[in-house]
Amino acid sequence: MTRLDQLGEFGLIDLLTKNVSGNSSVLVGIGDDCAVVQEGKKQHLFTCDAFIENIHFRRAWASPEDIGRKAAAAALSDIAAMGGIARYMLVTLACARDTDVTYLERIYTGLKAGSEEGRVALIGGDTTASCEGIMISVTVIGKALDNPVLRSGARPGDVVAVTGYPGCAALGLHALEQGDGSAPEALLHAHLRPRPKLMEGKFLGNGEVNAMIDLSDGLVQDLGHIAVRSNVSIDIETEKLPFTPEQCAYAEKSGVSALQAALCGGEDYELAFTVPPRQVATLLAEFKLQFHLPVTVIGAVTEGPARVTVDGLPCHHTGYNHFQTAK
Ligand code: ADP
Ligand code: MG
């Protein structure tokens with residue numbers, strides 16, 4: 001018997017989805033942030049994300065409004081990663097029979113706020129009982145612009161860049177786990193109220209970006225998906241990684257490594273992308289003019305085995321993986 005915790009999340013997806021049936025309209029199936037489907041002249045994007053109580057959220061730490069909003073944000077973030085426009089949302093809700101209805105209404109207040117922020121219409125879903133706890137699964141359907149940005153487009157010579165400050169959400173989660181109410185608000189906010197980078201993704205998708213992914217499982221793991229799909233090596237230069245004063249202060253106080261959080265922490269929902277060196281200066285300058293969000297070059301793409309290195313060395317720590325316990 002192979003146990004699930006030996007196989008891991010991505011091994012399981014590969015195993016289960018071997019020989020799935022597609023059809024000629026599926027341009028991109030399993031393996032990217034969204035599936036891309038051609039219907040006539042239009043390309044549609046499809047993605048879904050599940051949010052499970054005590055796996056993705058805890059009632060003790062997050063308000064129901066934040067839980068609903070984050071469930072929407074996580075799914076919308078995959079549309080951002082393709083440089084697309086989000087259009088429609090469907091929500092499946094599972095909850096135990098004794099759940100307080102007001103609590104569910106408040107989750108929906110957050111979901112509705114998230115869908116309004118993403119400018120999507122909430123058009124349906126499903127509701128069912130669970131044995132225990134709440135599950136929210138959000139499906140988003142979007143529209144691709146001219147060419148969706150895939151994980152498979154990175155080319156040797158490209159520069160790797162990232163928006164925002166990766167690692168903030170993981171430090172915020174650490175503070176919540178420790179019950180540290182004095183942790184910087186910006187870190188708690190990063191974990192509890194992430195914003196999908198839809199406008200930024202659309203802007204980058206219109207530019208000369210070759211590959212893009214959203215950061216849901218940590219820089220090393222998520223850039224690893226680009227490396228595998230593009231068959232390239234990606235090196236992250238740690239001295240280039242951006243950190244806020246809050247990240248540095250909390251790391252010093254708590255003894256948690258801000259670098260480790262940036263490399264391996266999940267749920268930042270920032271965008272990481274690769275761009276040819278000739279275009280990078282113009283693209284980043286225009287980005288900075290348009291958005292109040294930093295964008296930083298953090299590494300480079302080279303030919304070579306499909307892997308991510310950190311300062312030229314193999315990285316043994318990966319990011320979040322359902323079914324595998326933290327090492
Ligand atoms: P993301 O982190 O961007 O949401 P995931 O890592 O969850 O993406 O999923 C990776 C890829 O595998 C995606 O293309 C997703 O659609 C696909 N996938 C995940 N789980 C399943 C499943 N149970 N059946 C089919 N495809 C799946
Ligand atoms: Mg994604």
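**Reading a metal site and its neighbour**

Mentor: Let's start with spacing: in sequence, the donor residues of the magnesium ion (ligand 2) follow the pattern D-x44-D-x135-D. This is a predicted model, where local features need pLDDT of at least 70, side-chain atom pairs count only at pLDDT 80 or more, and totals for chains, interfaces and linings use all residues. Residues are numbered from 1 along each chain as its sequence is written, ligands are numbered from 1 in the order in which they are written, and side-chain values use heavy atoms, with hydrogens and water left out.

Trainee: Which residues coordinate the magnesium ion (ligand 2)?

Mentor: Donors are N, O and S atoms within 2.8 Å of the metal (3.2 Å for Na, K and Ca); water is not among the atoms, so sites may look incomplete. Here Asp-33 (OD), Asp-78 (OD) and Asp-214 (OD) coordinate the ion at 2.0 to 2.1 Å. Asp-78 belongs to helix 2 (residues 64-81) and Asp-214 to strand 8 (residues 211-214), so this pair ties together parts 136 residues apart in sequence. Helices (H or I, at least four residues) and strands (E, at least two) are DSSP runs, numbered from the N terminus.

Trainee: Are Asp-78 and Asp-214 buried or exposed?

Mentor: Buried means under 20% relative accessible area, exposed over 50%, and partly exposed in between (1.4 Å probe, protein chains only). Both Asp-78 and Asp-214 are buried.

Trainee: What lies 2.8 Å from an oxygen atom of ligand 1?

Mentor: A polar contact is a pair of N or O atoms within 3.5 Å. A polar backbone atom of Gly-31 lies 2.8 Å from a ligand 1 oxygen, and a polar side-chain atom of Ser-216 is 3.3 Å from an oxygen of ligand 1.

Definitions and conventions
A polar contact is a pair of N or O atoms within 3.5 Å; within protein, one must be able to donate a hydrogen and the other to accept it, and residues adjacent in sequence count only if both atoms are side-chain atoms.
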